[in-house]
Amino acid sequence: MLHSPVLPKAPLQPRGGLARIQRAAAWAVALFGLVLLAGCATPPANDPEALEAFNEANDPLEPMNRYFFELNYAADELLFKPLAGWYYVALPNFAQNGVRNVLRNVRSPIILANDLFQGETDRAGVTVSRFLVNSTMGLGGLFDIAARIGLDFHDEDFGQTLAVHGVGEGAYLVLPLLGPSNPRDAAGRVVDMLFDPLTYVGMFGGVDNIGLGTGLLEGVDTRARNLRTLDEVRKGSLDYYATIRSLYRQKRNDEINNGRTPEGGVGPGLGSSSDQQSARPATAAPLSTAQPAAEAPLVPRRPALAKALPFFIIKEPAGPLPATVDP
Amino acid sequence: MTATMRVIRTLLFALAVAVAAAPAGADDANPAASAFMQSLGSKAIKELTDPALPQAERQARFHALLDEHFDMAAIAKFTLGRYWRTATEEQRAEFRGLFEDFIVQSYSARFAEYHGEGFTVTGSSADNAGVVVHSKIDMPSSEDVRVDWHLHPAAGNSFAIADIVVEGVSMAVTQRSEFASVIQNRGGVAGLLDALRAKNAQSADSSGAAAQ
C-alpha cells in the first residue's frame, strides 16, 4: 500500500463548527439577495381595508414565502416523509424516544444559556438538574429519568430570548428546508449555534457536517411523530400556507410566554405585532383600559389593548369596545 | 454509594421536590364549567370515537354536538373577521352553513383515530368573555397536550364553547387567519364562499368514496 509521504501535521483547522456558521451567514446573504430581486408583495394602494388586512398579515414577502413553502413541501414529499416513514417503521418506540432524549440532552447548554438570559432561574435549575440526572443515570441522555421525578423538559432558544427582551418578530419568513420563521428567530438560530457543544465538537474534533447530521435527525424524528397530522391539516385546508403561518406564530407566542396565558384571557392574537410577542406576562397585572386605536385594526398591536380585548370581539371603528359579541 | 453521590442525590431530590411542589395554579374558579366540560368530553368520546361507526353517522352526531354545545353564531362571526361587517345577510347566512359543514368535514375524521387517550379537566379560570376550562389529553407516546376551552354562558345555566386553544394555538384565530387569506387572494367573501363550497363537496366525495 502506498503511504503518503510523511508531512508535518497541519494544525487543527476549525472546520465543522465555523463552517456551519459561515454557511448560515451565506444563507442569510443569499436570502437577502433574493428578497431584493423578487418575492416582495406590493401593498394594495387604493383599498384602505385591504391595506389594513395586508399590514395585519405582516407577510410582505408572501410570494417568496409561498415559493419556498411549496419547495419545502416537495422536499418533504421526496425526502423527509419517506425517511420519517422508514424511521417510524424501523425503530421501535423506545428507540425513537431514545433518539429524541439524546437530542434534547445535547441541547441542554443552549436551553440553559437562554433560561439564564431570560432571567428564568427556576427553569435554569430544572435544565441543569435534567442534564445531570439524564447524563449520568440516564446513560448519556438515552433515558429521561428526570421526567419521572417531576423535572419536565422545556425548550428555549435565542429567538425567544430576543422576544422576551422586546425584539419584535418582524415579517413572516419561510426558510428553505427549515420552514416557518422570521428574522428574529432566524438570527436566534445562528446565535444558538454558538452555545451548541456540537459546534465545538465539530470545530476541534474535525467532524464535518455534525450540525447537518443532527438537524436531519431532529427533522426526521419530528416528522415521524407528526406523520399523518400535517397531511390531514393540508387536506382539510383552504389555504394551507396561511394556516401554517397562523399556527406558527401562535405557537411561537406560546413558547415565548412559556405556556402562561396572557391575562385578560384573550386568545393569542395574530402575533403580527412586535409588542404582542415581546410582552411576557409576569404576574397578573391589572387590566389596562382599552384604548380605541385610531384605525381600528381587527387585532390591535398594542399589548394593553390586546390583553383587554375579550375573546371574539369584533372591533367597531369608533367608540368604546363592547364587552362581548351579541350572538 | 459514596458520600458525594449521596449528597448530590439529596440535593437533586430536594430540587425536584421544590419544583414539583411549586404552586401549579390548578384552582377551579368555576366548578360548574369544569363539570360541564368533563361530562361533554365523556359524551363526545362515547358518541364519536367508535371506530366501527359509519362516517355519515359520525358526522351527523358531531353536527348535532356542534349545534348544541358550541356558540356557532359567535364563532362564525369571529372567523369571518372584519369582513362580517361588509357581508350581506345572505352571505352571512350562507357562510354560517358552509362553515359548519366545513368544520364537520375537517374534524369528524379525527375522532375515528382516538385510541383511548385520557381526557382530564384540570381546572378553570375566568376571563372577560366567560370561563376558560383547562384540560389535558394524555398522549401515550409523547407528552400531555394542554387544551383550553373558552366558554360563553348559555341559556339554561349552561355553557357554549366559543374557542378551543391547543397548546396556545387558538382554533378560531387560525381559522380566521386562513379565511382572511382566502378572501384577500380569491376575490372577497364571494370567493371564500366558493372555496368553502368546493372544499365541502370534495370532502363529501372523498369520504363517500372511502366509505364504500
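Here is a short tour of the structure, stop by stop.

**Before you start.** This is a predicted model, where local features need pLDDT of at least 70, side-chain atom pairs count only at pLDDT 80 or more, and totals for chains, interfaces and linings use all residues. Residues are numbered from 1 along each chain as its sequence is written, chains are lettered from A and ligands numbered from 1 in the order in which they are written, and side-chain values use heavy atoms, with hydrogens and water left out.

**Stop 1: chain B.** Select chain B and colour it by secondary structure. You'll find 8 helices and 5 strands (DSSP runs numbered from the N terminus: helices are H or I with at least four residues, strands are E with at least two). Starting at the N terminus, the order is α-α-α-α-α-α-β-β-β-β-β-α-α. Of the 212 residues in chain B, 45% are buried (buried means under 20% relative accessible area, with a 1.4 Å probe and protein chains only).

**Stop 2: B:Gly123.** Now pick B:Gly123, in strand β1 (residues 118-127) of chain B. Is B:Gly123 buried or exposed? Its relative accessibility is 4%, so B:Gly123 counts as buried. Leaving aside neighbours within four places in sequence, B:Gly123 has contacts that include B:Asp27, B:Ser34 and B:His134 (contact means heavy atoms within 4.5 Å). Try the distance tool too: from C-alpha to C-alpha, B:Gly123 and B:Lys136 are 10.0 Å apart, and 13 residues separate them in sequence.

**Stop 3: the cores.** Show B:Met37, B:Phe95, B:Trp149, B:Leu151 and B:Leu192, which touch the most other members of the 43-residue largest nonpolar core (a set of buried Ala, Val, Leu, Ile, Met, Phe, Trp, Tyr and Cys residues joined through side-chain atoms within 4.5 Å). Apart from that core lies another, of 15 residues, among them A:Leu61, A:Tyr172, A:Tyr240 and A:Tyr248.

**Stop 4: A:Asp239.** Hop over to chain A and select A:Asp239, in the loop between α12 (229-236) and α13 (240-256). A:Asp239 is buried, at 7% relative accessible area. Which residues does A:Asp239 touch, not counting those up to four places away in sequence? They are A:Arg66, B:Glu178, B:Ser181, B:Val182 and B:Asn185. The side chains of A:Asp239 and A:Arg66 are also joined by a polar contact of 3.0 Å (a pair of N or O atoms within 3.5 Å; within protein, one must be able to donate a hydrogen and the other to accept it, and residues adjacent in sequence count only if both atoms are side-chain atoms).

Conventions. Buried means under 20% relative accessible area, exposed over 50%, partly exposed in between (1.4 Å probe, protein chains only).
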